[in-house]
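Biologist: Hi! I'm new to this one, could you walk me through it?
Modeller: Happy to, let's open it up.

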Amino acid sequence: MTTKAARPIPLALTALIAFFSALAALAVSSGHDAHAHGNPAGHADGTTLTQKELALHNGMRVLWEDHVTWTRLAVISLVAGTPDTKATVARLLKNQTDIGSAIKPFYGKAAGDALTGELRQHILIAADLIAAAKAGDQAKVAAEQARWQRNADDIATLLSKANPQHWARGEVRAMLGEHLRLTTQEVVARLQGNWGADVAAYDRIHRHALGMADTLSTGLVDQFPKRFR
Amino acid sequence: MITRAAIERDLVIVTCAISAGIHAALIPEHLTEGAATGAGFAIATALLAAVAVALTRVVSAAALASAAVLFGGLIVGYGLAVTTGLPLFHPHAEAVDGLALFTKAVELLGLLGATHLLWRLRPALALNYPRPKGTPA
């Protein structure tokens with residue numbers, strides 16, 4: 001081996017190699033997305049979901065269906081004062097842990113635990129609200145409703161900090177506000193024994209909860225596209 | 001005559017350029033995951049580009065050592081990113097990805113080239129470039 005060597009690769013050629021590497025990486029990356037969107041089951045924009053996206057989408061819908069279903073069962077139990085109340089509320093609280101755990105793979109344990117904590121407050125405040133309404137304590141009802149809204153605002157802040165691009169605070173706040181409004185309608189109808197309105201309110205809550213689940217799963221997919229290829 | 005040292009030097013430059021290009025292309029995608037993750041890719045791009053530019057000018061021990069440390073760091077960083085997660089830049093483990101594996105293979109080649117040049121050919125490197133007329137040998 002000699003100690004002499006040819007001139008190194010010119011800077012322009014080096015830059016060209018970097019440029020074409022970037023182009024190739026973009027092509028491969030886009031190709032992944034195109035392939036990922038080649039399975040049946042669709043996005044709202046006409047493209048299709050990957051298996052991983054579908055699993056997240058369905059899992060999130062199950063969690064939020066559980067949320068509104070166990071909330072309804074808890075409302076029924078709390079209003080009627082039936083002996084299953086404790087077990088039903090415990091199951092409802094477990095759902096808050098499940099929802100918090102669902103975001104841990106993306107945002108970590110601390111964020112997941114924080115969401116669980118806020119969602120548990122959401123449930124416990126609702127229970128206090130129902131108790132105040134049953135007792136006819138209007139001042140307490142107003143106070144608990146304000147607390148409930150502040151808790152929803154805290155949840156919106158937490159989520160928007162985690163994913164500011166896809167979960168804008170204002171949009172999440174409005175979404176959660178609608179959830180509180182519809183749940184209030186359900187509770188009021190049940191307290192008044194207006195069963196038709198009670199059932200109609202639950203139908204609206206159910207559809208709205210599925211929309212919330214989709215907002216969350218879509219936001220996760222858009223923020224972490226690589227994890228869903 | 002093209003020596004083995006020259007081939008290894010060019011290999012390090014090319015691997016720096018390829019890795020820099022790939023990291024640059026992936027900055028926007030990683031910015032959506034988080035500012036720190038995107039910043040990590042931008043920093044890696046800038047450092048790789050700087051080392052590539054340096055090596056096209058003078059093959060110094062410092063530039064080769066920088067390339068070796070940079071490639072080693074990127075390979076270890078990716079290993080952490082797909083296992084335990086990389087604190088600050090990528091806190092949670094991600095799935096193994098074909099493009100990333102290709103990039104790490106390229107970086108491994110660069111790492112091998114840089115370390116080989118550093119440890120076996122360093123005395124010769126100073127002689128590799130044409131000297132200006134009148135400069136004593």
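**A first walk through the two chains**

Modeller: Let's begin with chain B, whose secondary structure comes to six helices and zero strands. Helices (H or I, at least four residues) and strands (E, at least two) are DSSP runs, numbered from the N terminus. This is a predicted model, where local features need pLDDT of at least 70, side-chain atom pairs count only at pLDDT 80 or more, and totals for chains, interfaces and linings use all residues. Residues are numbered from 1 along each chain as its sequence is written, while chains are lettered from A and ligands numbered from 1 in the order in which they are written.

Biologist: Thanks! And how many helices and strands does chain A have?
Modeller: Chain A has seven helices and zero strands. Along the sequence its pattern reads α-α-α-α-α-α-α.

Biologist: How many residues of the two chains are in contact?
Modeller: 36 residues of chain B are in contact with 29 residues of chain A. Being in contact means that the C-beta atoms of two residues, placed from the backbone, lie within 7 Å.

Biologist: Which helix of chain B gives the largest share of that side?
Modeller: Helix 1 of chain B does, with 14 residues. Helix 1 (4-25), helix 2 (27-33) and helix 3 (35-57) of chain B each supply at least two residues. By class, the side of chain B that touches chain A has 23 nonpolar, six polar and seven charged residues. Here Ala, Val, Leu, Ile, Met, Phe, Trp, Tyr, Cys and Pro count as nonpolar, Asp, Glu, Lys and Arg as charged, and the others, Gly among them, as polar.

Biologist: Back to chain A. At what angle do helix 2 and helix 3 cross?
Modeller: Helix 2 (residues 51-80) and helix 3 (residues 85-107) of chain A cross at roughly 155 degrees, and their axes come within 9 Å. That makes helix 2 of chain A roughly antiparallel to helix 3 of chain A. The axes are lines fitted to C-alpha atoms, for helices over the stretch in contact, and angles run from 0 to 180 degrees between N-to-C directions. Angles under 35 degrees count as roughly parallel, over 145 as roughly antiparallel, 65 to 115 as roughly perpendicular and the rest as oblique.

Biologist: Left-handed or right-handed?
Modeller: The crossing of helix 2 and helix 3 of chain A is left-handed. A crossing is left-handed if the near helix is turned anticlockwise from the far one by less than a right angle, and right-handed if clockwise.

Biologist: Which residues meet there?
Modeller: Among them are A:Leu63, A:Trp70 and A:Leu78 in helix 2 of chain A, and A:Val89, A:Leu92 and A:Ile99 in helix 3 of chain A. The residues of this contact divide into 10 nonpolar, seven polar and three charged.

Biologist: What do the buried residues of helix 3 of chain A pack against?
Modeller: They pack against helix 2, helix 4 and helix 5 of chain A. The buried residues include A:Val89, A:Leu92, A:Ile99 and A:Tyr107.

Biologist: And A:Ala87, why does that one count as exposed?
Modeller: A:Ala87 counts as exposed because it has 12 C-beta neighbours inside 10 Å. A:Ala87 is found in helix 3 of chain A.

Biologist: What comes just after helix 3 of chain A?
Modeller: A:Gly108, which takes a positive phi of about 95 degrees. Helix 2 of chain A is followed by A:Gly81, whose phi is also positive, near 65 degrees.

Biologist: How does helix 2 of chain A pack with helix 4?
Modeller: Helix 2 and helix 4 (residues 109-135) of chain A pack at about 35 degrees, with axes 10 Å apart, in a right-handed crossing. The contact is made by A:Val75, A:Leu78 and A:Val79 of helix 2 and A:Ala127, A:Ile130 and A:Lys134 of helix 4.

Terms used
Buried ≥ 20, exposed ≤ 12 C-beta atoms within 10 Å, placed from the backbone.
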